[in-house]
Amino acid sequence: MKPLVKYDNELNMIAFKAMTQVENNVFFALLHKLRDKGTKEVVLDFTELKRLIGFESQSNEYIIKSIQGIAKKIAQSVVRYETDEVIKFFTLFQVLEVPKHNEAYIRAKISETFAYLINDLKQAFTVFEIAEFSALSSRYTQTLYRLLKQFRSTGYLKLEWSRFIDLMDIPHSYEMRDINKQILKPALKELGENQTLFNATNPIFKNLKMNKIRGRGRGRPVTDIEFTFKPETTDNKATQEKKTKKQLEKERKEQEFREQFYTKKFSLDNLVHTCLNVYKQDDKYLLETEYYNKGLIRKNIKFDNLEQIKKLIKDYEKNNQVKDRPG
DNA sequence: TATCCTACTATGGGATTCAT
DNA sequence: ATGAATCCCATAGTAGGATA
């Protein structure tokens with residue numbers, strides 16, 4: 001069986017900025033190596049890296065540099081959590097050691113806080129072949145690849161445009177034409193067309209299509225982007241029972257349900273909340289929000305029904321319009 | 001109300017600059 | 001040298017505002 005990377009979907013939502021294509025490879029190879037190791041320390045050496053991700057064309061020097069680069073970025077990528085009382089800082093990994101010369105290895109362990117992202121995964125995980133991932137030609141294609149892999153069972157991904165830009169780590173200087181030309185076109189070609197090198201017959205995502213959704217207003221700017229492709233079936237015979245269209249539709253609905261309030265704002269107790277996620281809990285709804293009050297704070301708020309949330313958002317939007325007329 | 005004008009964004013081709 | 005980022009040019013379609 002080919003080496004796989006497998007991790008909790010939540011990791012896909014932590015956007016790692018400014019990773020190069022090779023740094024991505026090292027990062028996910030490390031993730032592969034660390035999986036189901038608890039919080040134990042591991043060493044990923046050159047031989048294994050090479051086996052996992054190739055490295056045919058690059059010089060040793062370049063590889064060492066990439067490893068140092070990834071170590072630095074991991075160490076600097078601080079995740080910050082705030083409660084009312086304290087601020088906590090975490091890094092995803094603790095990188096314990098990388099060599100300075102002539103060798104290429106990385107010694108690391110996962111932080112206790114994030115151990116759940118790669119240990120004992122039972123559901124809501126992303127999984128893909130690391131070799132396939134590493135062979136992709138650009139970091140943008142790689143990111144789109146793993147986002148699509150997250151939705152491998154439904155074959156449907158829809159993102160708000162600004163969030164897409166954020167997750168894909170697309171420079172703000174890129175305009176639509178640059179994104180089309182440099183990112184979307186090459187990525188769709190690479191992910192959706194037949195592969196000649198490794199996979200002579202099958203594209204990575206069958207029947208992959210992209211659709212931009214344009215909103216209202218002058219120029220009708222793009223508000224959302226969606227991707228559809230033929231859902232994957234699992235290799236596992238036991239879980240291979242085919243999903244009916246109804247089930248797929250249900251999953252799709254569930255995703256849309258979770259996304260419906262994302263980034264919407266409302267005001268509560270004189271604080272402006274930004275919606276992140278909504279969950280159903282018994283017959284109530286839990287809304288995860290973020291707001292500033294001497295720092296960024298996350299909170300779960302309970303509602304009896306969705307209409308209450310919608311009303312709050314509507315009220316906020318009404319009060320914060322610059323100029324508009326009904327109709 | 002119907003029509004015209006303008007502002008705005010998308011799209012595609014191509015060229016140039018930048019960093020490694 | 002190579003790919004990524006930036007920029008220039010030109011065309012098309014539509015919404016919103018202005019005008020008649």
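1. Domain bounds, as used in this note, come from an automatic or database domain assignment. Domain 2 (136–244) and domain 3 (260–319) both give residues to the lining of the second largest pocket, so this pocket lies between them.

2. The structure is a predicted model, in which local features need pLDDT of at least 70 and side-chain atom pairs count only at pLDDT 80 or more, while totals for chains, interfaces and linings use all residues. Residues are numbered from 1 along each chain as its sequence is written, chains are lettered from A and ligands numbered from 1 in the order in which they are written, and side-chain values use heavy atoms, with hydrogens and water left out.

3. The second largest pocket holds about 280 Å³ of space, a volume being the space filled by probe spheres set on grid points joined across faces, edges and corners. It has 11 lining residues, and Lys-158, Glu-160, Asp-224, Glu-259 and Gln-260 are the closest to its centre. Strand 8 (156–160) and helix 9 (245–259) each supply at least two residues of this lining; helices (H or I, at least four residues) and strands (E, at least two) are DSSP runs, numbered from the N terminus.

4. By class, the pocket lining has 7 charged, 2 polar and 2 nonpolar residues. Here Ala, Val, Leu, Ile, Met, Phe, Trp, Tyr, Cys and Pro count as nonpolar, Asp, Glu, Lys and Arg as charged, and the others, Gly among them, as polar.

5. DNA strand C is surrounded by 14 residues, the closest being Ser-173, Tyr-174, Arg-177, Asp-178 and Gln-182. Of the atoms of DNA strand C that come within 4 Å of the protein, sugar and phosphate account for 61%. A residue is near the strand if one of its heavy atoms lies within 4 Å of it. Helix 8 (176–192) and helix 6 (139–150) each supply at least two residues of the surface near DNA strand C, and the largest share, 3 residues, comes from helix 8.

6. The side chain of Tyr-174 has an N or O atom 2.5 Å from a phosphate oxygen of DNA strand C. For Asp-178, a side-chain N or O atom is 2.9 Å from a base nitrogen, and for Gln-182 a polar side-chain atom lies 2.6 Å from a base nitrogen.

Technical notes. A polar contact is a pair of N or O atoms within 3.5 Å; within protein, one must be able to donate a hydrogen and the other to accept it, and residues adjacent in sequence count only if both atoms are side-chain atoms. On a 1 Å grid over the protein atoms alone, a cavity is a set of points where a 1.4 Å probe fits but cannot get out, and a pocket is an open set with protein on both sides within 12 Å along at least five of seven lines; lining residues have an atom within 4 Å of a point.
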